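Good morning, and thank you for coming. Please look at the sequence and the model on the screen, and I shall go through some selected parts of them.

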Amino acid sequence: MTLGRVLASGLGALVVAGTGAAVVIVWWQGWTWQQALDAFVVTNSAMALTFAVCGAILAWHRPRNPIGWLFLADGLGHGTTALGAPFMADRLIATIAAYAWPWSIGLFLPMALLLFPDGRLPSRRWRPVAVAIVVTAPLFVVEVAADPAGPGYLTLPGFAALGPLWIVSELRTLAALLAGIVALAVRYRRGEDSVLWLLLAASVAAVFVVPWSFVAGTPVFVLLAIPLIPIAVTIAIVRHQLLDIRLVVSRVLAWLLLSAVVLVVYGVLVALLDRFVSAQLGRSVVATVVVALLVAPVLPRLQRLVDRALYGDRGDPARVVSRVGEHLAGAGLDGVVSAVRVALRVPHVALMAGGVSLASDGTRPENVVVVPLEYDGAVVGELHVGVRTGESSLGAADRNVLSLVAAPLAVAVHATLLSSQLQASRERLVTAREEERRRLRRDLHDGLGPTLTGVALSADAAKNLLATDPERARTLITGVSADVRTAIADVRRIVEDLRPPALDELGLLGALRQRAEHLVRSPLQLRLDVPETVPSLSAAVEVAAYRIATEALTNVVRHSRASSVVVRLRCAEELEVEVTDDGPPNGPWSPGVGILAMRERAAELGGGFEAGPTAEGGRVRVRLPVEVP
């Protein structure tokens with residue numbers, strides 16, 4: 001057990017013991033319930049117990065979160081005041097009791113709201129607010145505890161003359177509490193649903209505790225609503241998945257609003273009917289019937305309003321789809337995921353494709369629902385949607401909205417992927433072009449250039465020696481002849497690398513037949529399954545088909561250990577080239593330089609490429625679009 005847990009347990013036990021002692025002393029002195037209520041023993045004891053117990057639980061489970069320690073300090077203050085109530089005749093005890101509890105309203109509670117739920121401020125811009133609350137907290141404590149009308153002993157001289165200062169103190173306390181409420185609103189707009197626990201506590205107080213205080217005729221009962229705050233905070237931090245908090249708050253708020261409408265309508269009707277119906281019963285019956293008729297259609301409308309505030313536009317799928325369409329046309333995928341998250345009030349939305357995030361918004365929770373995005377029968381991406389706090393999964397209404405949104409999102413993801421592929425293809429084309437230029441420059445500069453230079457120098461030397469040394473000139477001319485042949489071979493090699501001459505001389509079918517017969521030697525058997533003729537093809541398609549077939553045949557000869565190989569060629573709506581062999585299967589093929597080169601050649605022309613082992617052997621298949629030159 002860590003020191004923090006020991007300290008939290010000790011402080012919590014101390015407050016519980018002190019509160020119990022206060023109750024026992026009050027009972028032993030014979031106080032009545034009303035006396036204990038008027039002396040604030042009941043309310044201070046209730047607040048001391050709830051703040052201390054909740055603070056101990058928070059400090060035990062989240063020792064680094066300062067909210068638990070603030071609640072423990074709050075419990076100590078209220079517990080001290082409750083324990084000192086029976087001894088107010090003693091000035092020292094009365095002073096300690098008077099100065100103990102105001103810290104709760106002046107410091108502990110506003111700071112807890114400001115730091116809720118993770119113990120950190122909403123942002124760095126809130127630091128001056130936190131500092132102002134801490135620095136000005138003693139002002140409220142002195143205002144309350146040193147009031148001569150109160151039980152404090154060390155009162156300030158000239159207290160009444162400082163009336164304007166105490167007005168400032170009251171305004172400061174109100175501003176501190178409002179700052180905490182604003183911080184909660186900011187966090188809720190960011191998608192932190194734990195704030196709804198405090199809203200639920202406020203709703204319960206409004207429905208039960210506050211009306212009870214008016215019925216009992218004792219406003220002090222309003223203070224009994226304050227213990228709901230630490231309870232709600234503790235559940236929100238420690239057990240935030242306890243239940244679907246949005247659903248609970250939605251129903252409570254709807255019934256609360258309905259109750260308020262009923263009371264207002266009932267009061268107005270009774271006041272109006274008082275002039276026309278003299279009997280009290282008559283007024284009551286008529287008002288009740290009218291209210292019942294008016295309120296019947298109100299609840300569904302109120303429920304829709306509350307649900308929209310908590311769940312967004314999931315009840316109006318067309319509105320969500322319209323927003324998605326607007327953002328697709330303007331802000332792109334980033335705007336789309338943000339619009340979906342805001343529309344459904346979920347903590348996180350992300351678009352994924354191939355394990356890569358295309359766009360995301362919000363903080364990803366542990367529980368995420370994945371919605372596949374299909375285009376033309378194929379899954380092109382996924383929509384990841386974070387489940388709201390307190391829910392185990394998304395509801396049917398949420399899934400209906402997502403199913404409608406999935407179609408335009410799939411189109412957008414498909415278009416994005418195509419755009420990315422197009423950009424990558426352009427980059428590969430530019431890279432290949434520059435590499436080809438560099439190779440040509442190197443071949444011309446380092447190979448053909450020096451050879452031709454040597455030919456020129458040797459020819460000049462031979463010309464100079466023709467008259468004086470014919471034999472030496474003959475030798476130089478022989479060298480020139482050899483160098484010229486070498487240069488011719490280099491030129492032919494460079495030309496063949498640019499485009500195989502056989503394609504121009506023999507056509508695609510003849511070039512394939514010639515190259516296949518040159519590569520495939522006995523005992524490997526070759527079979528060509530090609531048509532008699534093919535339509536005229538573009539130069540790019542011819543070169544790609546020839547290079548891919550040649551590379552595939554080379555791989556068969558070098559690596560397959562096959563006894564036969566078949567080259568098939570078909571040309572209809574697209575050109576299809578297939579090279580198969582009967583070599584033994586050796587597991588999945590690892591993409592090497594040859595396979596990658598074939599795949600890139602096919603992708604550059606917008607074609608398809610497949611390569612890998614089959615039950616009969618190996619297969620390379622490429623489909624290229626037919627482009628008439």
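**Strands, loops and a cavity**

Let me begin with strand 8 and strand 9, the latter covering residues 618-625: the two pair in the antiparallel sense, over six bridges. Please keep in mind throughout that this is a predicted model. Within this pair, Pro613 stands opposite Gly618 of strand 9. Strand 8 and strand 9 form a hairpin, and four residues lie between them. In the turn of that hairpin, Gly617 has a positive phi of about 155°.

In what order do the strands of the five-stranded open sheet run? The order is 5-6-7-9-8, and the pairing is mixed. At the edges are strand 5 (525-529) and strand 8 (608-613), each of which pairs on one side only. From one strand to the next, the twist averages 10°.

In which sense do strand 5 and strand 6 pair? Strand 5 pairs with strand 6, residues 564-571, in the parallel sense, and five bridges join them. Here Asp529 stands opposite Arg568, a residue of strand 6.

As a general point for those new to the subject, the side chains in a regular strand alternate between the two faces of the sheet.

Which residue of strand 2 is the bridge partner of Met352? The partner is Ser357.

Strand 3 contains Glu374. Is Glu374 buried or exposed? Its relative accessibility is 53%, and the cut-off for exposed is over 50%, so Glu374 counts as exposed. Glu374 and Ala410 are 36 residues apart along the chain, yet their C-alpha atoms are separated by 5.8 Å.

Next, I would like to consider some positions in loops. Asp376 is found in the loop between strand 3 and strand 4, the latter being residues 378-386. With a relative accessibility of 73%, Asp376 counts as exposed.

Pro347 lies in the loop that runs between helix 15 (332-344) and strand 1. How does Pro347 count, as buried or exposed? Its relative accessibility is 10%, and buried means under 20%, so Pro347 counts as buried. In sequence Pro347 and Val387 are 40 residues apart; in space they are 7.0 Å apart, C-alpha to C-alpha.

Gln29 has a relative accessible area of 34% and is partly exposed. Its C-alpha atom is separated by 8.2 Å from that of Pro86, a residue 57 positions apart from Gln29 along the chain.

**The cavity**

How many cavities of 30 Å³ or more does the structure hold? It holds one. The largest cavity has about 30 Å³ of space. Lining this cavity are Leu509, Leu512, Arg513, Leu528, Val530 and Val567. Which element gives the most to the lining? Helix 18, residues 501-519, does, with three residues. By type, the lining comprises five nonpolar residues, no polar residue and one charged residue.

**Cysteines**

Finally, a word on cysteine. How many disulfides are counted in the model? The count is zero, taking a disulfide as a pair of cysteine sulfur atoms within 2.5 Å. Cys54, at 8% relative accessibility, counts as buried, whereas Cys571, at 24%, counts as partly exposed.

Thank you for your attention.

Conventions: Residues are numbered from 1 along each chain as its sequence is written. This is a predicted model: local features need pLDDT of at least 70, side-chain atom pairs count only at pLDDT 80 or more; totals for chains, interfaces and linings use all residues. Side-chain values use heavy atoms; hydrogens and water are left out. On a 1 Å grid over the protein atoms alone, a cavity is a set of points where a 1.4 Å probe fits but cannot get out, and a pocket is an open set with protein on both sides within 12 Å along at least five of seven lines; lining residues have an atom within 4 Å of a point. Grid points are joined across faces, edges and corners, and a volume is the space filled by probe spheres set on the points. Ala, Val, Leu, Ile, Met, Phe, Trp, Tyr, Cys and Pro count as nonpolar, Asp, Glu, Lys and Arg as charged, and the others, Gly among them, as polar. Buried means under 20% relative accessible area, exposed over 50%, partly exposed in between (1.4 Å probe, protein chains only). Two strands pair if DSSP finds at least two bridges between them. Axes are lines fitted to C-alpha atoms, for helices over the stretch in contact, and angles run from 0 to 180 degrees between N-to-C directions.
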